[in-house]
Amino acid sequence: MGKIPNGILGSVIGSMGNVTAYMLNGQNVTRVKARKINHFSIKQLANQQKMLVVNEFFRFMGDFLKVGFDIAARGTTKNYHNLATSYNKKNAVKGEYPHIEMDYPKVILSMGDLLEAQNPLTEVVPEGLRFSWDLPKSNSQVGQDQAMILAYATTSGQVQSILYGPKRIEGEAILPLSSKMQEEPLETYISFISADRQNVANSIYVRRIEPIK
């Protein structure tokens, strides 16, 4: 049974038929109850596999995604994980069912309108991976942004990242790697977050690193 606690023009809470209404992030939203389907079409199976592939890719990235998408999710009915999953499921997978996989260069791990990393590079150094980028043209507020860097191991799914790294004005950041991750191909990403934590840049795919050992 549905209730209208604020009168006929107010928000609806509860179930009416196959529709359920509830409050989410201060907004009154509704959803239709799912029907049990015994036989799925190829399109439905492909959609399910895309979701599984993206969720597996994100398995060890929770903290990074929260910082990267939380600001963009504010004021919407999505949380940071919903937003990250929705974008990458639509834009960063490739292949046809049942051979769907991540399209790593198209992945976005943070979303915002801060200045993106300019001409980022990644190279192997004794300490791990060295990320570098072009310096801002002037020592303005943007120079105080902090680097967000991440490496994803394509075989094991392990992730190494730094959320609040060196300032943009420093031009580089070092990402330590475990010995296991050094034995796998790595996909690398970089972004920036403002000093007041109120804005982020769209992340950028840097490049693939072949096994170091």
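Two strands are taken to pair if DSSP finds at least two bridges between them, and helices (H or I, at least four residues) and strands (E, at least two) are DSSP runs, numbered from the N terminus. The model shown is predicted, so that local features need pLDDT of at least 70 and side-chain atom pairs count only at pLDDT 80 or more, while totals for chains, interfaces and linings use all residues. Residues are numbered from 1 along each chain as its sequence is written, and side-chain values use heavy atoms, with hydrogens and water left out.

**View 1. The antiparallel sheet E7-E8-E11.** Strand E7 and strand E8 (residues 128–132) run antiparallel and are joined by 5 bridges, with Glu-123 standing opposite Arg-130 in E8. The open sheet to which they belong is formed by 3 strands in the order E7-E8-E11, with antiparallel pairing. Its edge strands, each pairing on one side only, are E7 (121–125) and E11 (172–176). On average, neighbouring strands of this sheet are turned by 25 degrees against each other, direction ignored.

**View 2. The crossing of helices H2 and H3.** Two packed helices are described by the angle between their axes and the distance between the axes. The axes of H2 (residues 62–73) and H3 (residues 80–91) come within 7 Å and cross at roughly 90 degrees, where axes are lines fitted to C-alpha atoms, for helices over the stretch in contact, and angles run from 0 to 180 degrees between N-to-C directions. H2 and H3 are therefore roughly perpendicular to each other (65 to 115 degrees; under 35 counts as roughly parallel, over 145 as roughly antiparallel and the rest as oblique). In contact, meaning heavy atoms within 4.5 Å, are residues of H2 including Leu-65, Phe-69 and Ala-73, and residues of H3 including Tyr-80, Leu-83 and Ala-84. The residues of this contact divide into 7 nonpolar, 3 polar and 2 charged (Ala, Val, Leu, Ile, Met, Phe, Trp, Tyr, Cys and Pro count as nonpolar, Asp, Glu, Lys and Arg as charged, and the others, Gly among them, as polar).

View 3. Tyr-97 and Pro-98 are joined by a cis peptide bond, with omega about 5 degrees. Pro-98 has its place in the loop between strand E5 (93–94) and strand E6 (101–102).

View 4. Asn-119, found in the loop between E6 and E7, has a positive phi of about 50 degrees although it is not a glycine. Asn-119 is exposed, with a relative accessible area of 55%, whereas Arg-197 counts as partly exposed at 30% relative accessibility (buried means under 20%, exposed over 50% and partly exposed in between, with a 1.4 Å probe and protein chains only). Arg-197, which is likewise not a glycine, has a positive phi of about 65 degrees and lies in the loop between strand E12 (186–193) and strand E13 (204–209).
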